[in-house]
Amino acid sequence: MSTQKEVLGVFEAGSNHWVGDGFPVHNLIPSSGVDRQIDPFLMLDYVSPTEFLPSSRPRGVGEHPHRGFETVTIAYQGAVEHRDSAGNAGTIFPGDVQWMTAASGVVHEELHEREFTKAGGTFEMVQLWVNLPKAFKMSAPRYQAIASAQIPVVDLGSGSTARVIAGELDGVRGPAKTFTAVNLFDLDLKAGSKVEVKIPAGHQAGLVLLHGDVVVNGSSAISGKAQMGLLSAGGESVAIEAHADSVLLVLSGEPIGEPVASGGPFVMNTQAELRQAMEDYRAGKMGRLEYVQ
Ligand code: MN
């Protein structure tokens, strides 16, 4: 018998706001109050299903920098077009994941994909920020475009499944390369199913319910949309009972345990490093986007 991780609390978004003009987000980390208790995760925004009317101009976030961490984008409905100063470009379609290591710095834009923009429709996505240890904050940027078909699916029984994006579940490894031990599982739970998810002892962890209704370890209810259960580092599994069809992200990671200095799009260890990041960005050291007609 493995010991269960304790549910330390259930949280809702502390801030609901627009990121650019394309992403109306529920912010679950850190505005819910879940902040350093879930090191190495810095931020989690969820765009719950939102209707967009047809438009001739792509909505989203224009050119902006990042340094010191990774951005992970998971598309559920609609699609995101991305390009950056390192020369990477691509489209994140439903089921796909983009794992971008900003590290020493990239400048990028994130926009609704062209065809989606023209046709309009329902948009749903998650963006998660994963911190980097000091030793890797200034390493070279990296870009992992992970297509849905590359993500292995673990059968959890009763029609419920887990997509293993990063880390390992039941001996199945996810495709994302990470700098520290990180698990990211995307669970699709059918009403009535009961599943057990193994999460290593020592990992700080959370369950992010995008929508649905679950009971964790027989006692803690997480229901509705954009709700988050914070789990203890101790214990090595959670039991999840779905009372409705539910979509749930499981995040866990080995805590980095270093000082965090956070300023908008930069996350470093000290205030001096944040000032340096701003200076380097302004001086063009993170590159620029090329504009082609
Ligand atoms: Mn960005």
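**Rings, a sheet and a buried glutamate**

Arginine 288 sits over the face of tyrosine 281, 5.8 Å from the ring centre (a charge is over a ring if NZ of Lys or CZ of Arg is within 6 Å of the ring centre and within 35 degrees of the ring normal). This is a predicted model, where local features need pLDDT of at least 70 and side-chain atom pairs count only at pLDDT 80 or more, while totals for chains, interfaces and linings use all residues. Numbering starts from 1 along each chain as its sequence is written, and side-chain values use heavy atoms, leaving out hydrogens and water.

**Aromatic pairs**

- There are six aromatic pairs in the structure (rings of Phe, Tyr and Trp, the last by its six-membered ring, pair if their centres lie within 6.5 Å; planes under 30 degrees apart are stacked, over 60 edge-to-face, the rest tilted).
- One of them joins tryptophan 18 and phenylalanine 52 edge-to-face, at 6.3 Å centre to centre and 90 degrees between the planes.
- Tryptophan 18 belongs to strand S2 (residues 15-19) and phenylalanine 52 to strand S4 (residues 41-52), so this pair ties together parts 34 residues apart in sequence (strands are DSSP runs of E, at least two residues, numbered from the N terminus).
- Phenylalanine 23 and phenylalanine 123 make a tilted pair, because their ring centres are 5.7 Å apart and their planes at 50 degrees.
- With phenylalanine 23 in strand S3 (residues 23-29) and phenylalanine 123 in strand S11 (residues 121-131), that pair ties together parts 100 residues apart in sequence.
- Ring pairs gather Trp18, Phe23, Phe52, Phe116 and Phe123 into a cluster.
- Three of these count as buried: Phe52 at 8% relative accessibility, Phe23 at 5% and Phe123 at 1% (buried is under 20% relative accessible area, exposed over 50%, partly exposed in between, with a 1.4 Å probe and protein chains only).

**The four-stranded sheet**

- An open, antiparallel sheet runs in the order S5-S10-S7-S8 (two strands pair if DSSP finds at least two bridges between them).
- Its edges are strand S5 (60-66) and strand S8 (89-92), each pairing on one side only.
- Strand S7 (residues 80-84) runs antiparallel to S8, with four bridges joining them.
- Across from histidine 82 stands glycine 90 in S8.

**Glutamate 109**

- Glutamate 109 is part of strand S10 (residues 106-112).
- Its relative accessibility is 12%, so glutamate 109 counts as buried.
- The glutamate 109 side chain makes a polar contact with that of arginine 83, at 2.7 Å (a pair of N or O atoms within 3.5 Å; within protein, one must be able to donate a hydrogen and the other to accept it, and residues adjacent in sequence count only if both atoms are side-chain atoms).
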